[in-house]
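I begin with the term that the first entry needs.

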Amino acid sequence: MLSIEGIHVSIQSAAVLRGLSMTIPDRTMVGLVGRNGAGKTTLMRSLMGHLRPSQGRMLFNGCDLSTLASHERARLGIGYMQEDRGLVPELTVEENILLPVWASRTLSASERLAFVYGILPEIKEMRHRRALLLSGGQQKLVALGRALAVGTRLLLLDEPFEGVAPALSKRLAEVILKLKASDLSIFISQSDLNHSRRIVDLEYTIERGANIGSVQP
Amino acid sequence: MKAILEANGVGRRFGAVVVASDINVKVGPGERVGLIGSNGAGKTTFVNMITGYLKPDEGQIKLAGTDITRMNPRVISALGVARSFQIPQLFGDLSVIDNMLVALACDASRSGFLRPARDPLAVDRAEELLRRFHLHHHRSRRVGELPGGVRKLLDIAMALTARPKLLLLDEPTSAVAADEKFQMMETIMSALKEDPDSPVLFVEHDMEIIERHATRVIAFYSGRIIADDAPQAALAQDDVRRYVTGELATE
Amino acid sequence: MNTTINANASRQAPAFLSPRVLAYAVGTFALLAVAGFHAPTWLTYLITMAAGNALVSIGIVGLMRGGVVSFGQGMFFAAGGYGAALLFTHFGWTDALVLSIAGGGVALLLALPFAPLLARYRGIFFATLTLALSMVTYGVLMKVPELGGSDGFSVGRPTLLGERLDGASGSYRLYLLTIAFAFGMGLLAKVNFDSPNGLVTLAARDNELRVEYLGTSVRRLMGVNFLLAAFCGGVGGALVVISLGHVEPGFSYWTTSGEFVFVAILAGYRSVPAVFVASVMLEIVRSFSSAYFPNTWQLALGLFLLLIIRFLPRGIGSLWNREERK
Amino acid sequence: MDNLLTLLIDGLNYASWLFIVALGLTLVFGVLKILNIAHGSFYALGAYAAASFVGWAASMKFAPWLSLVAMLLAAVTVAVAIAPVIERGLLRFFYGRDEVLLVLVTYALFLVMEDLTKLIWGANPYFVSEPYGLFGSVDLGRMSYVGYDFALVGLAVVSGLATWWALNRTRQGKIVLAVIHSAEMASSMGINVSRVYTLAFGAGVFLAAVAGAFTAPMISVQPWVSVGVVVLSFAVVIIGGLGSIEGAAIGALLVGLARSVAVHVAPSSELFVIYAVMAIVLVFRPEGLFQRIQARKI
Amino acid sequence: QETFKIGIVTYLSGQAAESFGIPAANGAKVLVEAFNRGAAPSPYNKPGFGGLKIEAVYVDEAGGATKQVQELRALYDREKVDAVVGYIGSGDCLAIAPVAEELKRFLILHDCGTPRIFEDNKLSYVFRTASHATMDNVALARYLKARSFKVESLNLINQDYAWGHDSKADFISAMAKFYPAAKVGQNLLPKFGAGQYGTEISALMSRPADVTQTSLWGGDLQALILQSAPRGLFKRTQLVISAGDHVLPVLGERMPDGVILGARGAYGQLAPKSPLNDWWNDVYSKTFNSPPLHAPYRMAQALMGLKLAVEKAMAGNGGKKPSPEQLAAALRGSEWDSPGGRIRMAVAQGQQGIQDTAIARTRYDATRKMVVLEDVVRFPAECVNPPSGTTAEEWIKAGFPGAKGCP
Ligand SMILES: Nc1ncnc2c1ncn2[C@@H]1O[C@H](COP(=O)(O)OP(=O)(O)OP(=O)(O)O)[C@@H](O)[C@H]1O
Ligand SMILES: Nc1ncnc2c1ncn2[C@@H]1O[C@H](COP(=O)(O)OP(=O)(O)OP(=O)(O)O)[C@@H](O)[C@H]1O
Ligand SMILES: CC(C)C[C@H](N)C(=O)O
Ligand SMILES: [Mg+2]
Ligand SMILES: [Mg+2]
């Protein structure tokens with residue numbers, strides 16, 4: 001599904017990713033582990049087109065991502081959950097979730113909403129609240145819901161369990177496991193190993209922007 | 001025992017959402033209190049009310065006997081309450097060392113126009129703190145470019161510059177790499193050795209850390225305190241297991 | 001404990017006006033003083049005006065470091081200018097040095113009641129409230145016949161240490177006086193920028209909430225910076241009026257304030273000398289383009305500004321303040 | 001009574017003219033976070049283009065009401081021809097920078113456009129007063145008003161409502177909000193951010209040009225018409241709260257009424273009454289009448 | 001060949017460029033060119049200035065008085081001009097006159113209106129080769145009286161800067177002499193460049209007056225007329241304009257009939273017939289496709305006066321380029337013929353000129369497709385200009401002592 005071949009990415013002339021390679025096969029859940037500053041977020045942002053690799057390729061189903069503008073990537077069915085949530089404060093929870101659906105030409109709003117609420121009933125309860133009032137963890141949930149709304153093929157989740165209470169993080173893990181049964185591939189970054197180990201099919205470890213290993217738990 | 005922090009019947013609502021109701025807490029010297037709770041339970045709100053960012057609708061908050069309910073964050077900070085933030089609040093355009101120097105310069109006794117902010121004493125103190133938090137090698141990087149975990153550390157280091165009488169940490173270890181979390185808590189706790197009487201309240205989602213570092217746990221759910229006890233006891237309560245740790249299924 | 005003390009001893013003297021900075025300043029001043037003696041008078045005059053204006057912009061830079069920009073600094077420029085001019089014509093104070101400081105004092109007095117109010121404002125709202133106040137000042141100046149109404153009034157030649165500043169040598173001495181003020185106040189500004197207050201100001205620009213949580217009042221800080229800026233503006237206004245020989249309500253018009261901001265942005269907030277350089281540059285560009293492209297000088301000025309902002313986003317100060325450029 | 005009515009009508013007329021100009025300004029600020037000094041230049045361009053278009057329509061002996069269409073077309077032309085060039089060729093490089101720096105960028109743009117306009121249309125004034133008579137005149141007691149002025153009130157109401165509706169009641173509007181909040185996030189959601197920017201800026205330019213085009217019949221179109229307008233509409237937008245359409249409407253009414261009272265009652269205060277209103281509003285509402293909600297930070 | 005360099009300062013950008021600055025600069029251009037070729041009629045037919053080739057540099061007056069002071073210094077010191085001619089804005093004149101005096105350099109103010117320049121300062125290097133605003137307002141008042149208008153009430157609308165204020169004050173006090181019972185109703189002072197006058201027009205209409213005076217000019221005047229004509233303001237009041245000829249060609253049929261206006265001198269249609277005027281009209285119209293009006297006329301009379309002064313000074317110093325002092329001495333108190341009539345540097349110790357003027361009424365002539373000025377009344381210079389040794393204000397208050405030759 002997604003293969004990353006030796007990409008190099010620099011931010012303001014500092015090399016952050018140096019020759020990173022990994023593959024995310026169809027219908028799998030892949031973990032990405034690394035310490036703070038290893039480059040996990042940078043990789044995600046490169047995939048979403050906010051940073052341009054100076055070398056290497058990123059292929060999504062054989063299509064070179066670098067030929068697509070940032071907003072065209074979401075339309076391939078990639079859902080991205082940012083590390084810092086990135087909700088639009090003025091909009092309600094539901095509107096936030098619908099945002100990528102509106103931007104897409106193919107998705108149906110009611111269908112996607114039903115799907116998201118089915119998986120995350122917690123969100124449904126607060127769907128009319130404005131995003132700016134939510135607590136940190138609640139925002140995290142909504143951001144996940146939003147990624148789910150558009151990510152029909154691939155989900156990129158940047159530290160989804162961070163700051164989430166254990167009860168909920170257990171629920172999330174279940175949700176994500178459930179998704180694995182569908183057509184989706186999931187790519188999860190983690191600085192905390194505890195949560196993901198149990199659920200991923202394959203885990204890459206990076207350090208200072210380069211692969212140092214991969215395991216199949 | 002004299003309470004350093006005392007909250008009596010504190011309540012707060014936003015429109016129809018009750019974010020704190022009838023909160024009663026007394027914290028004595030040297031206590032290490034873990035604040036746990038589901039997302040949106042009101043932990044941050046509690047911290048915000050103690051530090052004056054939010055004013056309670058009802059009830060009273062006292063610091064070492066002084067009523068601080070209506071004071072603003074600056075005055076409360078000046079009284080010796082320091083905090084860190086769930087989302088780090090830093091000076092993104094300045095370097096790491098300058099962030100620390102700002103924190104030192106804000107110390108009331110040190111402000112002024114005609115002295116250098118970067119005098120050797122201040123710089124030494126700042127560097128010592130940075131070293132303690134393993135931030136020293138980031139010394140001259142612009143804070144805006146730091147990865148999330150490092151920002152978190154710096155945020156806490158800044159809270160500790162003033163040698164607080166009461167320390168509040170909002171999710172100090174979230175976004176910090178797993179193997180560093182424990183070390184980090186050690187660091188924080190050891191930084192407080194100079195003032196062993198200062199109580200620490202920290203919001204935490206990781207129960208291992210709670211078990212290891214808290215002497216007492218307060219669990220929140222939906223704006224209320226559902227448990228306030230020693231860690232083992234608190235974590236064993238049904239409500240806590242149901243709503244916080246998820247060991248019991250809801251309903 | 002011992003180690004810290006040793007570390008101290010081994011460290012160099014702090015940045016408080018390092019000998020290097022002081023030497024640079026004195027050296028440049030001497031150079032300018034000599035050069036001014038030989039330069040054509042239009043050039044010394046241009047530099048005099050530029051230095052006077054730059055003092056106002058220094059004040060704005062001080063505010064900018066805290067994240068606010070005053071679009072109404074013309075108000076204090078005018079206060080200093082009118083103050084000095086009135087003291088000269090009505091009270092017989094003729095000494096240029098005294099008048100300049102008095103101009104700063106008048107501006108400071110005018111700023112005092114507004115400081116607590118303005119300290120509450122940030123960003124575009126600070127800019128526009130100061131703009132509104134300066135426009136009200138403009139309106140008042142226009143309507144007071146005793147102040148010359150819309151035309152303002154002319155001021156005679158002042159004295160310096162008892163001597164009348166007449167003719168070419170008088171202009172030269174005014175030039176010296178103005179650049180002396182520029183250097184003196186520039187150095188003081190540098191000291192202030194490097195002080196704890198200066199650093200916290202810079203921090204408040206990024207995150208006020210944290211500064212408050214560190215126990216420092218951002219409002220007080222902003223209020224103080226506002227007063228300092230007003231003083232700078234007043235001194236600048238007085239010096240300009242002394243050289244110009246004329247004062248008018250236009251000093252307080254928003255476009256005048258706009259030019260001071262223009263210089264401050266051109267310079268960036270990281271370097272004090274850059275403010276003076278920027279001010280001289282603006283005067284030169286404006287003067288030459290209005291002489292050589294009289295029909296398109298605005299176009300030239302606009303393009304020049306765009307180029308600077310585009311390619312030196314942190315101001316021309318970033319050309320030599322490399323360490324901080326990043 | 002008669003006087004009160006006069007006062008109100010004058011205030012309203014002035015307010016609606018100001019509002020149309022301010023609308024575009026507030027829109028552009030709302031979306032691109034740019035307080036656009038060059039807005040006045042687009043207004044001037046609209047006026048010039050209208051002068052050319054209406055002049056041409058007149059020379060073709062079209063029906064008089066077609067001059068209204070010509071004015072609208074002029075505004076569209078300005079927006080289509082200018083907005084993408086400026087947005088993509090210039091502003092794009094400055095997004096996300098300090099608000100005040102952006103003010104200066106547009107100030108530079110204003111200087112450049114001022115001279116460019118002069119190079120294109122020359123310094124001579126243009127007149128297109130034909131449309132001014134289209135709506136006849138209205139007699140109210142001792143007063144006589146030009147129907148066109150009331151038509152402008154209508155235009156202001158229509159454009160205000162349309163913009164408000166588009167921004168607050170449509171998906172597109174919500175997408176714009178997302179872009180305002182974070183362009184990177186928005187594009188991750190599949191939103192074509194650069195198109196939103198261009199469209200929003202284009203809409204702003206269009207509104208400025210519409211205001212210019214429909215003012216053209218009342219004034220002599222000549223260099224520098226841009227300057228006075230822009231400071232006034234700044235005042236309006238700031239009184240109302242930057243980025244707020246409701247705010248701009250109320251701001252325009254306040255300014256219009258204050259000015260009309262000043263001119264009728266104390267003409268010599270006209271010069272600063274507008275700024276005094278602005279200062280007073282800001283003293284009590286530091287961010288203007290309609291403040292933007294702040295996101296939770298901690 | 002040695003040159004004589006003149007700095008010419010007028011509005012080349014901004015509000016005042018189109019109506020005044022650029023026509024004035026254009027006037028200077030044709031004239032300098034004609035002078036250099038020796039193509040002007042006698043006595044201006046010597047090539048250049050007494051053989052010196054004239055070189056002109058043009059500077060924009062826009063940007064405020066402070067900027068003008070700087071530009072003036074640069075002109076003298078950097079561009080090394082021998083004389084500066086220019087300044088339309090009264091505010092600019094007030095600011096720069098003392099500077100030229102201090103620098104001891106030669107300056108001719110060619111157009112600005114405020115009477116206060118020589119009233120407030122004692123100047124010997126600075127000249128104004130035209131009458132100031134008092135003339136225009138006194139002449140308007142005299143016209144109303146001469147044509148026996150009934151004036152019981154008076155409205156005024158003037159711009160909020162030196163020219164507007166001075167015009168307003170002079171007109172009110174002049175009217176008080178002729179119509180002591182007349183009451184001032186609205187006295188409006190809109191901002192320079194306001195552009196929108198709806199409210200002002202309502203204010204003028206809500207207190208109808210027999211006469212409405214304005215000294216608006218340029219785009220402001222055009223806008224005022226365009227906006228008030230459809231509301232019928234001019235049907236209810238007699239409009240009088242102190243500087244109005246320059247809007248006639250552009251307004252054409254939109255200019256209401258019967259408006260009383262002056263041109264700040266006997267310029268354009270009001271100019272007395274003379275070979276010099278015919279030549280001037282001819283060269284200017286040929287080059288710019290429109291007849292010269294107020295602004296180029298005033299430029300012409302300044303440059304002609306300067307030319308004669310240079311030549312006179314050169315005659316006195318053996319043909320060298322004259323020093324500022326020599327130039328000043330030559331121009332002081334001199335007189336010369338200009339296209340608009342004779343200019344006499346008769347007041348303010350010979351630094352300030354006076355000239356004849358004329359006031360007329362408008363009528364749109366549909367066959368010639370232009371506004372014609374008719375019912376002209378001419379006023380000799382001494383009738384409408386205060387004599388030496390008194391200020392405008394005192395002179396009017398005292399009832400125009402020494403006024404001579406009034407119609
Ligand atoms: N804007 C920037 N400018 C310069 N360097 C940057 C910038 N953003 C990130 N970096 C650097 O890139 C490196 C990788 O950062 P990244 O955010 O990808 O780490 P991460 O693995 O996501 O860490 P964390 O777990 O803390 O989120 C870090 O060393 C960081 O300092
Ligand atoms: N300013 C506000 N306006 C409205 N509601 C608010 C505001 N601040 C907090 N809330 C609400 O209060 C509740 C508690 O929020 P709080 O941030 O205290 O939760 P928390 O326990 O810290 O959760 P988390 O672990 O997710 O950070 C949430 O439902 C939130 O939406
Ligand atoms: C009518 C104008 C020529 C008057 C001139 N602008 C002045 O200010 O004096
Ligand atoms: Mg990350
Ligand atoms: Mg929280």
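**Entry 1: terms and ground rules.** I take buried area as the accessible area (1.4 Å probe) that two parts lose on being put together, summed over both. The model is predicted, so I note its limits: local features need pLDDT of at least 70, side-chain atom pairs count only at pLDDT 80 or more, and totals for chains, interfaces and linings use all residues. Residues are numbered from 1 along each chain as its sequence is written, chains are lettered from A and ligands numbered from 1 in the order in which they are written, and side-chain values use heavy atoms, with hydrogens and water left out.

**Entry 2: chain B against chain C.** I looked up the buried area here and found about 3,400 Å² between chain B and chain C, with 61% of it on carbon and sulfur atoms. Contact means heavy atoms within 4.5 Å. By that rule, 38 residues of chain B and 35 residues of chain C take part.

Next I looked for salt bridges, where a side-chain nitrogen of Lys or Arg lies within 4 Å of a carboxyl oxygen of Asp or Glu. The rule finds four salt bridges across the interface of chain B and chain C. One of them joins B:R74 to C:E212, with 3.4 Å between the closest N and O atoms.

For polar contacts I used pairs of N or O atoms within 3.5 Å; within protein, one must be able to donate a hydrogen and the other to accept it, and residues adjacent in sequence count only if both atoms are side-chain atoms. Chain B and chain C have twelve residue pairs in polar contact, both residues at pLDDT 80 or more. I then asked which helices of chain B each supply at least two residues of the side that touches chain C. Helices here are DSSP runs of H or I with at least four residues, strands are runs of E with at least two, and both are numbered from the N terminus.

I also sorted the side of chain B that touches chain C by class: 20 nonpolar, seven polar and eleven charged residues. Ala, Val, Leu, Ile, Met, Phe, Trp, Tyr, Cys and Pro count as nonpolar, Asp, Glu, Lys and Arg as charged, and the others, Gly among them, as polar.

**Entry 3: chain B against chain A.** The contact takes 30 residues from chain B and 23 residues from chain A. The buried area between chain B and chain A is about 1,800 Å², and carbon and sulfur atoms give 47% of it. How many salt bridges are there between chain B and chain A? I counted zero salt bridges, but six residue pairs in polar contact, both residues at pLDDT 80 or more. Helix 5, helix 6, helix 7 (207-213) and helix 9 (238-243) of chain B each supply at least two residues of the side that touches chain A. Helix 6 of chain B gives the most, with four residues. By class, I found eleven nonpolar, eleven polar and eight charged residues on the side of chain B that touches chain A.

**Entry 4: the two domains of chain B.** The domain bounds come from an automatic or database domain assignment. It gives domain 1 (1-80 + 164-250) and domain 2 (89-163) in chain B. Their C-alpha centres lie 25 Å apart. I found 18 residues of domain 1 of chain B in contact with eleven residues of domain 2 of chain B. Between them the two domains bury about 1,300 Å², 64% of it on carbon and sulfur atoms. B:P164, B:T187 and B:E194 supply 34% of the area that domain 1 of chain B buries against domain 2 of chain B, more than any other three residues.

The count between the two domains is one salt bridge. B:R163 and B:D195 form a salt bridge with their closest N and O atoms 3.3 Å apart.

**Entry 5: another salt bridge in chain B.** I looked up B:R83 and B:D170, whose side chains meet in a salt bridge (4.0 Å, N to O). B:R83 lies in strand 6 (residues 81-83) and B:D170 in the loop between strand 7 and helix 6 of chain B, so the pair ties together parts that are 87 residues apart in sequence.
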